[in-house]
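Open the model in your viewer and keep the selection tool at hand. The stops below say what to select and what is there.

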Amino acid sequence: MSTQIIRPARSLQGSLTLPGDKSISHRYALLAGLAEGTSRLTNFSTGADPHSSLACMEALGASVLRNPDNSIEITGVAGAFRQPSAPLDCGNSGSTMRMLSGLVASHPHTFTLIGDPSLTLRPMERIRNPLMQMGAKIDLTDGHAPIVIHGTPLYAIDFATPIPSAQVKTAVLFAGMQAEGVTSLSESILTRDHTEQALLAFGASFTRSRSPNEPARLSIPGGQRLHAVDATIPGDISSAAFFLCAALLFPDSNLVLDSLGMNPTRAALLDVIAALGGRIKVLTVEEHHGELIGTIQVNVDPAKRTASPLIINSPLTAQLIDELPVLAAIAPLTRGGLILRNAQELRVKESDRITLVAKNLRAMGAQFTEYPDGLEIPGNQSLHGATIDSGSDHRIAMAFAIAALRATGDSEILGAESASISFPEFFTALDSLALR
Ligand code: S3P
């Protein structure tokens, strides 16, 4: 386990190009692996998680070329995965495990999906339920991995997602596009739509409808074949979140982020940054395969920092789910603090993120209240340097490295290597942007 010492900083200045978005990289890896032909993916995520998806695709018969410039070439299996010779190792990646389950369930082989100790604790009934309704044969151990899938033909269902989860939605859509009939899925709380955009890019078709007061509904016909694509993956806004939050901590911050993913279903963070006193200027924006990619400049306007707390509850929790740890970590340093509720999903991420945020806030001397589904953290507090327990959770390690920039005294982040799950360049980028 590696430790990083974080010294307080006096400002945040400079520009940064983020590695490719983790969510989008997973979807492109999986769909390219199934498609016919060779896909070329530029700015693929450097995080370990999407590389778990790539390795699974290789084990299922796709060939993968990893170039030094972070571009990837994947030649897919043209619709027919082969029987893997060993369990499919999803590492730390819930996205890989859940989405892959839907992707392989109709192929006539036996697939065993395994993960690391954190992934093995995470709930998998949420994908087994809809897939079993479609006819899939899936064994779990106490609701968890290892997952054993006995591939069999699937038939369409009409499914309403009980929890807002883009991973569950994706598992159903991936299974549905290979099932018999038209699978429908409705979500009353909208989750990120990268799967929908990626499916269109790979040539799949579906319909999407939303009438007032009705959940959004997707209908995807089965029996579809995918073709390869050339795509550029936008920079990861969930990785950018750490630096956007860091910028808020210093009145003279100046940060430029380029090639940033700004998909509206992921960009709620930009409104939150503005509400916390950030001034965001969009310098460029373009669209690529349905995803917005832009360059933004971020400064701080201290006059905009409101004294009222930032309130995040449903449906915003689903849209900000991966950014909540860093928003909570900096909350004591904001003027109005944070009231976070309806965020119980945080307890079943790579760690119990509510417990770990609470533990580390306490270590830094913050006052707050913990609830089963969230935290209430007053603003205008000061933090002192502390030993941070990341729980080997990448987002906890990075979130508290940001809070530590405005603490009195140094902090040490235990398990700092976990940042490489989504953002291996994080500590180097932090060193180059933080002025001491
Ligand atoms: C993801 C969806 C979210 C998120 C995860 C990535 C995705 O999980 O927390 O890091 O790529 O679809 P849920 O959909 O389970 O909330």
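Start at Gln 224, which is buried, with a relative accessible area of 18%. The cut-off for buried is under 20%, so a value of 18% qualifies. This is a predicted model, and every value in the tour is computed from it. Gln 224 sits in the loop between strand E13 (216–221) and strand E14 (230–232). One is the backbone nitrogen of Ser 205, reached at 2.7 Å. The other is the backbone oxygen of Pro 221, at 2.9 Å from the side chain of Gln 224.

Next, select the ligand and the residues around it: Lys 22, Ser 23, Arg 27, Ser 95, Arg 98, Ser 165, Ala 166, Gln 167, Arg 192, Ile 321, Asp 322 and Lys 349. Colour this shell by residue class and you get two nonpolar, four polar and six charged residues. If you display pockets, the largest pocket is the space that the ligand takes.

Now colour by helix. Which helices each supply at least two residues of the shell? They are H1 (22–34), H3 (94–104) and H6 (166–176). H1 gives the largest share, three residues.

- Arg 27: a polar side-chain atom lies 2.6 Å from a ligand oxygen.
- Lys 349: a polar side-chain atom is 2.7 Å from an oxygen atom of the ligand.
- Ser 165: the distance from a polar side-chain atom to a ligand oxygen is 3.0 Å.

On its own the ligand has 380 Å² of accessible area, and the protein covers 95% of it.

From Arg 27, step to Thr 170. The side chains of these two residues make a polar contact at 3.4 Å. Thr 170 belongs to helix H6. Is Thr 170 buried or exposed? Its relative accessible area is 0%, so Thr 170 counts as buried.

The last stop is Ser 382, in the loop between strand E21 (374–377) and strand E22 (383–384). Ser 382 has 59% relative accessibility and therefore counts as exposed, the cut-off being over 50%. To finish, select the C-alpha atoms of Ser 382 and Ala 366. The two residues are 16 residues apart along the chain, and their C-alpha atoms are separated by 7.2 Å.

Terms used:
Residues numbered from 1 in each chain as written. Predicted model: local features only at pLDDT ≥ 70, side-chain atom pairs only at ≥ 80, totals over all residues. Heavy atoms only, no water. Near = heavy atom within 4 Å. Polar contact = N/O pair within 3.5 Å; in protein donor to acceptor, adjacent residues only side chain to side chain. Areas by Shrake-Rupley, 256 points an atom, 1.4 Å probe, with all protein chains shown as cover. 1 Å grid on protein atoms, 1.4 Å probe; cavity = no way out; pocket = protein on both sides within 12 Å on 5 of 7 lines; lining within 4 Å. Sits in = over half its atoms within 2 Å of the grid points. Helix = DSSP H or I, 4+ residues; strand = E, 2+ residues; numbered from the N terminus. Nonpolar A, V, L, I, M, F, W, Y, C, P; charged D, E, K, R; others polar. Buried < 20%, exposed > 50% of the residue type's maximum accessible area, 1.4 Å probe, protein only.
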